[in-house]
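Subject: A structure to look through

Dear colleague,

Please open the structure below and keep it beside you while you read my notes on what was found.

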Amino acid sequence: MLALVRPSLAQVAAPAAPAVLPSAPAASEGLVPERLERLHARLTQFVDDGDVAGLVSMIVRHGKVVDVHTAGFRDREQRQPMTRDTIFRIYSMSKIV
């Protein structure tokens, strides 16, 4: 006897749960905290100079989030600060890379 199994639409269309990367101290993954502070200062300078309204940077090393930095505003006029989970609309990825 042959049995046919038909998955429901919910089973087929359900997105996978987003992967959550573990975090670790930067030093434990070989990064020098003082150099990260220099990087943060430079990124913040882009905001201070008016080059960008705000930004978020993330460094992942060996599959672990070792640094996240935010600077500036997600809405400059309303003075809403940039947050780690701010969603960005990116039109041309090659310019960023």
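A residue is called buried under 20% relative accessible area, exposed over 50%, and partly exposed in between, using a 1.4 Å probe and the protein chains only. This is a predicted model, in which local features need pLDDT of at least 70 and side-chain atom pairs count only at pLDDT 80 or more, while totals for chains, interfaces and linings use all residues. Residues are numbered from 1 along each chain as its sequence is written, and side-chain values use heavy atoms, leaving out hydrogens and water.

With a relative accessible area of 45%, L21 is partly exposed, and this residue is found in the loop between α1 (9-13) and α2 (33-48); helices (H or I, at least four residues) and strands (E, at least two) are DSSP runs, numbered from the N terminus.

Turning to charges, a salt bridge is a side-chain nitrogen of Lys or Arg within 4 Å of a carboxyl oxygen of Asp or Glu, and by this rule the count comes to 1. The side chains of E29 and K64 form a salt bridge at 3.3 Å, N to O, which links distant parts of the chain, since E29 is in the loop between α1 and α2 and K64 is in strand β2 (residues 64-75), 35 residues apart. E29 is buried, because its relative accessible area is 12%, whereas K64 counts as partly exposed because its relative accessibility is 29%.

Best wishes
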